Amino acid sequence: MGKSIKKVMIVGGGTAGWLTAAIIAAHHKSDKPDRLQVTLVESSDIPTIGVGEGTWPTLKNTVQQIGIKEHDLFEHCHAGFKQGGKFIDWVHGNGDFYYHPFTVPLGYGRLDLAPYVSEIENYAVESNFQQHVCEAGLAPRTLSESEFTGQCNYAYHLDAGAFGDLLKQFCKKELGVEHIVDTVEGATLSSDGNIESVTLNERGEIAADLFVDCTGFASLLLGKELCVPFVEKDDVLFNDRALAMQVPYESSDSPVACHTIATAQNVGWIWDIGLTHRRGVGHVYSSDFLKDDEAEQNLRNYLGPAAEGLDARQIRFGSGHRAEFWKKNCVAVGLSAGFVEPLEATAIMLVEISARHIAENLPPTQDVMPITAKRFNQQMHYRWRRIIDFLKLHYTLTKRSEPYWQAHVDENTVPESLKEDLAMWSGRGPIRSDFDSAIELFPAASYQYVIYGMGFKPDFSLQSYLYSERDQAQRIIQRNQQLTQQMTQSLPPHRQYIEQWLASSHQV
Ligand SMILES: Cc1cc2nc3c(=O)[nH]c(=O)nc-3n(C[C@H](O)[C@H](O)[C@H](O)COP(=O)(O)OP(=O)(O)OC[C@H]3O[C@@H](n4cnc5c(N)ncnc54)[C@H](O)[C@@H]3O)c2cc1C
């Protein structure tokens with residue numbers, strides 16, 4: 001039998017590092033003396049990326065499994081509910097919009113409503129109540145419902161720095177994670193290529209059995225020490241820069257948006273995320289198509305007087321991922337594994353999935369590690385391909401005429417796998433069995449909302465005999481109208497709900 005795995009060292013204290021530490025430590029929590037030891041080392045000289053405020057509904061379960069209370073998350077992280085994304089100007093650029101809500105369509109899994117809706121662009125509205133809930137700025141639940149539940153599915157908007165801090169406190173206090181503040185200078189490899197130890201600036205060498213590289217874009221262990229190359233995807237997703245601003249509200253009772261707003265620009269798009277104490281707003285763009293000062297002007301035009309006196313912070317990034325994610329006894333999680341533009345908030349979701357995979361599959365001994373690594377790599381390659389295809393889908397169906405958008409439509413920039421999907425969908429649209437892999441990230445519903453929202457019309461008439469359930473479809477569509485009315489009348493305004501809920505949880 002190979003050497004036992006008793007000590008995991010996470011290098012990096014950004015969202016990826018602390019979330020990974022929390023997920024692994026919560027999964028392996030035990031009072032026994034031979035329990036797994038989790039150590040996190042972070043540098044006080046190298047800042048975290050400081051952005052990443054939109055999340056995916058998976059975070060709800062993750063936070064619950066770690067053991068953090070939802071009202072603590074809201075209080076510490078100035079969080080709001082995120083019920084989906086509103087995509088403005090992505091099709092024509094003339095004020096058009098569509099929603100990608102997080103609640104699946106009514107009848108999902110029983111009857112696909114797409115062949116029966118009056119206009120395919122109305123698919124999200126006719127099949128689901130959540131778009132109206134978002135447009136009305138409502139919370140997904142009432143005060144009588146308990147935390148982590150909701151009448152509408154949701155994720156969170158949260159202050160990235162505060163979220164890292166909350167996880168840090170929880171990891172140290174509740175989960176027994178050892179915390180070292182020091183800078184890793186390099187690693188010592190054994191003759192078989194495994195990492196034996198890392199060398200810290202002040203503390204010297206520290207050994208561990210598994211190293212998790214959460215060093216951000218630096219990819220210090222996997223990229224630099226183990227020389228795993230970066231696979232660029234900028235021929236598919238062109239954006240490589242972001243300008244981020246933290247924008248105060250006009251007043252303390254200004255409404256808080258309960259969905260991410262992504263507004264397309266002549267080049268790239270602007271995210272707008274509502275936290276309870278401020279908005280996080282940023283412009284993602286491609287430096288091949290837009291100069292930095294033009295991007296800043298776009299951002300200031302978008303914000304109007306709200307941007308006066310505010311500075312924008314520029315962040316540069318490459319689109320792509322490592323050729324392998326787990327090599328020898330080192331696995332990368334977070335930006336060190338890869339990054340593509342934050343259009344559907346997939347980065348934190350991938351951190352959750354990666355960390356859970358590591359926690360659940362952590363082998364007791366080193367000799368099983370190559371199998372764990374192989375399987376992890378297979379799954380992550382699949383997921384990255386799916387993410388890249390899904391993000392590209394948001395661009396490739398546009399009717400916008402600017403060179404940037406036309407370059408996205410150019411089929412030489414569209415992955416073969418996405419072209420195949422679109423060909424399949426031209427007759428019947430996306431269906432659940434297209435996405436029945438156990439490791440799928442987005443359900444068929446997500447693809448349906450996006451492609452129908454962008455006006456993609458499958459020719460259902462080619463096999464019209466398959467669509468003979470008009471009466472049942474009409475009943476579901478009517479039921480949705482009733483639910484829409486009920487929800488918009490009964491759910492409270494977003495900010496008001498959060499304030500009342502947090503105040504009442506203090507009284508308990
Ligand atoms: C513009 C932009 C917008 C984004 N928006 C979203 C979003 O809405 N939703 C989403 O899910 N994701 C988003 N992301 C991604 C998200 O920000 C990251 O996935 C997340 O913050 C995790 O980052 P990280 O922890 O991997 O890296 P970082 O935050 O960069 O942390 C790296 C850590 O490693 C440490 N470190 C580095 N080198 C050393 C060393 N030598 N020794 C010791 N420590 C070291 C640093 O001190 C730091 O603690 C966005 C990213 C960008 C660029």
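Reply: Before the helix pairs of this predicted model are read, one convention is needed: a crossing is left-handed if the near helix is turned anticlockwise from the far one by less than a right angle, and right-handed if clockwise.

Me: With that convention in hand, in which sense does α3 pass α6?

Reply: α3 passes α6 in a right-handed crossing.

Me: How should I describe the packing of two helices in general, and what are the values for α3 and α6?

Reply: Two packed helices are described by the angle between their axes and the distance between the axes. Here helix α3 (residues 70-77) and helix α6 (residues 160-174) have axes 8 Å apart and pack at an angle of about 130 degrees. Since angles over 145 degrees count as roughly antiparallel and 65 to 115 as roughly perpendicular, α3 and α6 are therefore oblique to each other.

Me: Which residues make the contact of α3 and α6, and how do they divide by class?

Reply: From α3 the contact takes Asp72, Leu73, His76 and Cys77, and from α6 it takes Ala162, Phe163 and Leu166. By class, the contact of α3 with α6 consists of five nonpolar, one polar and one charged residues.

Me: At what angle do α2 and α9 cross, and is their crossing left-handed or right-handed?

Reply: Helix α2 (residues 58-66) and α9 cross at roughly 45 degrees, and their axes come within 10 Å, an arrangement that makes α2 oblique to α9. The crossing of α2 and α9 is left-handed. On the α2 side the contact is made by Thr58, Leu59 and Thr62, and on the α9 side by Ile348, Met349 and Glu352; these residues comprise three nonpolar, two polar and one charged.

Me: How do α10 and α12 cross, and which residues of α10 and α12 meet?

Reply: The axes of helix α10 (residues 369-396) and helix α12 (residues 416-428) come within 9 Å and cross at roughly 60 degrees, which makes α10 oblique to α12. In handedness, α10 passes α12 in a right-handed crossing. Arg385, Asp389, Lys392 and Leu393 of α10 meet Ser417, Leu418 and Asp421 of α12, and the residues of this contact divide into two nonpolar, one polar and four charged.

Me: Which residues come nearest to the ligand, and which element gives the most to the shell?

Reply: Of the 38 residues around the ligand, Gly12, Gly14, Gly52, Gly216 and Gly334 come nearest. Two or more residues of the shell come from each of α1 (15-27), β2 (37-42), β13 (241-247) and α9 (346-361), and α1 gives the most, with three residues.

Me: What is the class make-up of the shell around the ligand?

Reply: The shell around the ligand has 20 nonpolar, 16 polar and two charged residues.

Note on methods: Residues numbered from 1 in each chain as written. Predicted model: local features only at pLDDT ≥ 70, side-chain atom pairs only at ≥ 80, totals over all residues. Near = placed C-beta within 6 Å. Helix = DSSP H or I, 4+ residues; strand = E, 2+ residues; numbered from the N terminus. Nonpolar A, V, L, I, M, F, W, Y, C, P; charged D, E, K, R; others polar. Axes fitted to C-alpha atoms, helices over the stretch in contact; angles between N-to-C directions. Parallel < 35°, antiparallel > 145°, perpendicular 65-115°, else oblique. Contact = placed C-beta atoms within 7 Å.
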